[in-house]
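This report walks through one protein chain for a reader who has not seen it before. Please keep the sequence and the structure in view while reading.

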Amino acid sequence: MESQDNKPEKVYYSIGEVADMLHVNASLIRFWEKEFNIIKPHKNKKGNRYFKPEDIDILKSIYYLVKEKGYTLDGARKKLKESKNDTLKTVEVIASLKRIRSVLVEIREST
């Protein structure tokens with residue numbers, strides 16, 4: 001598997017890496033894990049959390065719903081329960097559009 005940047009995609013990501021991806025604190029990731037039962041990170045013997053890319057997609061969806069759209073946690077939970085796939089696709093499209101926008105801005109600034 002390869003990511004959009006042609007870098008090999010990892011099987012598991014640490015909670016710190018996930019927090020950096022989402023620009024949030026690790027404590028928020030742990031809180032969301034407790035609040036949303038669809039997030040199930042792998043834990044090693046020490047209790048360190050490791051997230052699969054699918055978990056990260058769900059966390060990105062939660063971030064989008066709560067932080068960008070203003071949903072409550074209950075509202076986000078219901079939205080993901082009703083239409084998880086649609087929400088995941090929406091978040092994916094928004095991320096693609098943001099990448100395209102940044103490329104276009106770079107092109108405009110370089111001319």
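Lys10 lies in the segment that precedes strand E1 of this predicted model. Setting aside neighbours within four places in sequence, Lys10 makes contact with Glu17 and Pro53. Lys10 and Lys52 are separated by 42 residues in sequence, and their C-alpha atoms are 8.1 Å apart in space.

**The chain as a whole**

The chain contains four helices and three strands, and along the sequence they follow the pattern β-α-α-β-β-α-α. The C-alpha trace spans about 50 × 30 × 25 Å along its principal axes. The chain has 111 residues, of which 28% count as buried. Among contacts between residues at least 6 apart in sequence, 52% join residues at least 24 apart.

**The sheet**

The three strands form an open sheet in the order E1-E3-E2, and the pairing is antiparallel. Strand E1 (13-14) and strand E2 (42-43) are the edge strands, each pairing on one side only. Strand E3 (residues 49-51) pairs with E2 over two bridges, in the antiparallel sense. Within E3, Arg49 stands opposite Lys43. Helix H3 (residues 53-68) packs on the sheet and touches E1 and E3. The direction of H3 makes about 85 degrees with that of E3.

In general, the strands of a sheet pair through backbone hydrogen bonds.

Which residues of H1 and H2 meet? From H1 come Ile15, Val18, Ala19 and Leu22, and from H2 come Ala26, Ile29 and Arg30.

On the H3 side, the residues in the contact include Asp57, Ile58, Ile62, Tyr64 and Leu65. On the H4 side, they include Leu73, Ala76, Leu80, Thr87 and Ile94. Charged residues in this contact include Lys60 and Glu68 in H3 as well as Lys79, Lys84 and Lys98 in H4.

**The nonpolar core**

The largest nonpolar core has 23 residues. Which of its residues touch the most other members? They are Val18, Ile29, Ile39, Phe51, Leu59 and Ile62. Helix H1 (15-22), helix H2 (26-35), H3 and helix H4 (73-110) each supply at least two residues of this core. The largest share, seven residues, comes from H3.

Ile29 gives an example of how the parts of the chain meet. Not counting residues up to four places away in sequence, Ile29 touches Ile15, Val18, Ala19, Leu22, Val24, Phe51 and Leu59.

In soluble globular proteins, nonpolar side chains tend to be buried together.

**Arg30**

Arg30 is placed in helix H2. Is Arg30 buried, exposed or partly exposed? Arg30 counts as partly exposed, because its relative accessibility is 32% and thus between the limits of 20% and 50%. Apart from residues up to four places away in sequence, Arg30 touches Ile15 and Arg49. Arg30 and Val93 are 63 residues apart in sequence, with 26 Å between their C-alpha atoms.

**His23**

His23 sits in the loop between H1 and H2. At 72% relative accessibility, His23 counts as exposed, because the limit for that class is over 50%. The phi angle of His23 is near 60 degrees, a positive value in a residue other than glycine. Most residues other than glycine have a negative phi.

Key: Residues numbered from 1 in each chain as written. Predicted model: local features only at pLDDT ≥ 70, side-chain atom pairs only at ≥ 80, totals over all residues. Heavy atoms only, no water. Pairing = 2+ DSSP bridges. Contact = heavy atoms within 4.5 Å. Axes fitted to C-alpha atoms, helices over the stretch in contact; angles between N-to-C directions. Core = buried A, V, L, I, M, F, W, Y, C linked by side-chain atoms within 4.5 Å. Buried < 20%, exposed > 50% of the residue type's maximum accessible area, 1.4 Å probe, protein only.
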